[in-house]
Amino acid sequence: MSQIGAIVPIERDAQGRVIMLDQTQLPSQEIYHAYERAEEVADAITTMVIRGAPAIGVAAAMGLALGARQLDAGSFREGYGALCAQMAATRPTAVNLFWAIDRMTTLVDGWTGDLPALLDALDAEAEAIRVEDIAINRAMGANGAELIPDGARILTHCNTGSLATAGYGTALGVIRAAVEAGKRVHVYADETRPYLQGSRLTAWECLREGIEVTVIADNAAGHLMASGEIDLAIVGTDRTVANGDVANKIGTYQVAVMCARHGLPFYVAAPTSTIDLAIAHGREIPIEERSADEVRGVFGHPVAPEGVPVRNPSFDVTPAELVTAIITERGVARAPYFESLRGLF
Ligand code: MRU
């Protein structure tokens, strides 16, 4: 059974260091790194030691709080601005990154006290973002669990659990909440090529926490739906925009199309920190393109000819018309999303 706190992807220790569970090494090794500099935290986000939209936001906030302590008092604001620019350059799609940077920067910009007190306030703000994220995920889980029927066979894509957040999870949090409410569920985890967040991370979390799970190749999802073996799909999101278009891990769009084809609900779990009302349409969302090596090989093992041209977009956009509902910590939004999402704020 799930235990909140059992998997801790990120936290600060007594010395203020940022401790992260290295997600590049799961499921074979559980290794924790202790970071002492903002540059190291930024690098951990870029290299996906930590990943998942809310977790990226928490990491950025902690990195800024850490880095701020190492800045020269005489040029604090310039130095802080450079730290923000470095964090912002790590990954472009998950809006939580920019949301967290903005939240920390609002504190800096409005500060009228002395520097030591500001540094303490930045530590407290980063910790508040972490703690709030868990509470938000729990509230979202409770809202979403009502949509999950007892006995549901649930397809999910990528990893949206404790590892992708400060704890509990977004889409996997909804599944976790349904399990905690006594519902029997079976999770089908898309393996999620090329980075294998489904088979490496979602399967690991589910097994660890006693949630029934079966891993499938991404291209098996349509077959299982056609065979009547899936009841619904639920995914997370890296950025959901004003019209309800949903950016999420590459392959999500295919899942949504398949759900529509088979008349299955396609749900999105989105904390409000992932909703970007400043963007009107999904086509404006920046889509990260990652290294060709992720597609040419599987974790260093070649599966395509060396040097063959590759495209590796890391996210796609699912149009709002394919989304049955967007589950947030403030309630469940349904079409028309332009009105329903705005109503949440
Ligand atoms: O590239 P990743 O692993 O950071 O992508 C993560 C996802 O796409 C998740 O589905 C998303 O962040 C939402 S759930 C936390």
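Colleague: How many residues surround the ligand, and which are the closest?

Modeller: Keep in mind that this is a predicted model. In it, 18 residues surround the ligand, and the closest are Arg51, Ala53, Arg91, Asn248 and Lys249. Sorted by class, the shell around the ligand has six nonpolar, eight polar and four charged residues.

A backbone N or O atom of Gly52 lies 2.9 Å from an oxygen atom of the ligand. Ala53 also has a backbone N or O atom by a ligand oxygen, at 2.8 Å. With Gln197 the atom belongs to the side chain: a polar side-chain atom of this residue lies 2.8 Å from an oxygen atom of the ligand. As for cover, the ligand on its own has 410 Å² of accessible area, and the protein covers 100% of that.

The ligand sits in the largest cavity. Two elements give two or more residues to the shell around the ligand, namely helix H2 (53-68) and strand E9 (246-249). At the level of domains, both domain 1 (10-137) and domain 2 (142-344) give residues to this shell, so the ligand lies between them.

Phi of Thr192 is near 70 degrees, a positive value in a residue other than glycine. Most residues other than glycine have a negative phi, and most peptide bonds are trans.

Two peptide bonds in the model are cis. One runs from Leu26 to Pro27, with omega near 5 degrees. Pro27 has its place in the loop between strand E2 (18-21) and strand E3 (32-35). Another cis bond runs from Ala335 to Pro336, with omega near 0 degrees. Pro336 is found in the loop between strand E16 (331-333) and helix H11 (337-342).

Key: Residues are numbered from 1 along each chain as its sequence is written. This is a predicted model: local features need pLDDT of at least 70, side-chain atom pairs count only at pLDDT 80 or more; totals for chains, interfaces and linings use all residues. Side-chain values use heavy atoms; hydrogens and water are left out. A residue is near a molecule or strand if one of its heavy atoms lies within 4 Å of it. A polar contact is a pair of N or O atoms within 3.5 Å; within protein, one must be able to donate a hydrogen and the other to accept it, and residues adjacent in sequence count only if both atoms are side-chain atoms. Accessible areas come from the Shrake-Rupley method with a 1.4 Å probe; for residues, only the protein chains shown count as cover. On a 1 Å grid over the protein atoms alone, a cavity is a set of points where a 1.4 Å probe fits but cannot get out, and a pocket is an open set with protein on both sides within 12 Å along at least five of seven lines; lining residues have an atom within 4 Å of a point. A molecule sits in a cavity or pocket if more than half of its atoms lie within 2 Å of its grid points. Helices (H or I, at least four residues) and strands (E, at least two) are DSSP runs, numbered from the N terminus. Ala, Val, Leu, Ile, Met, Phe, Trp, Tyr, Cys and Pro count as nonpolar, Asp, Glu, Lys and Arg as charged, and the others, Gly among them, as polar. Domain bounds come from an automatic or database domain assignment.
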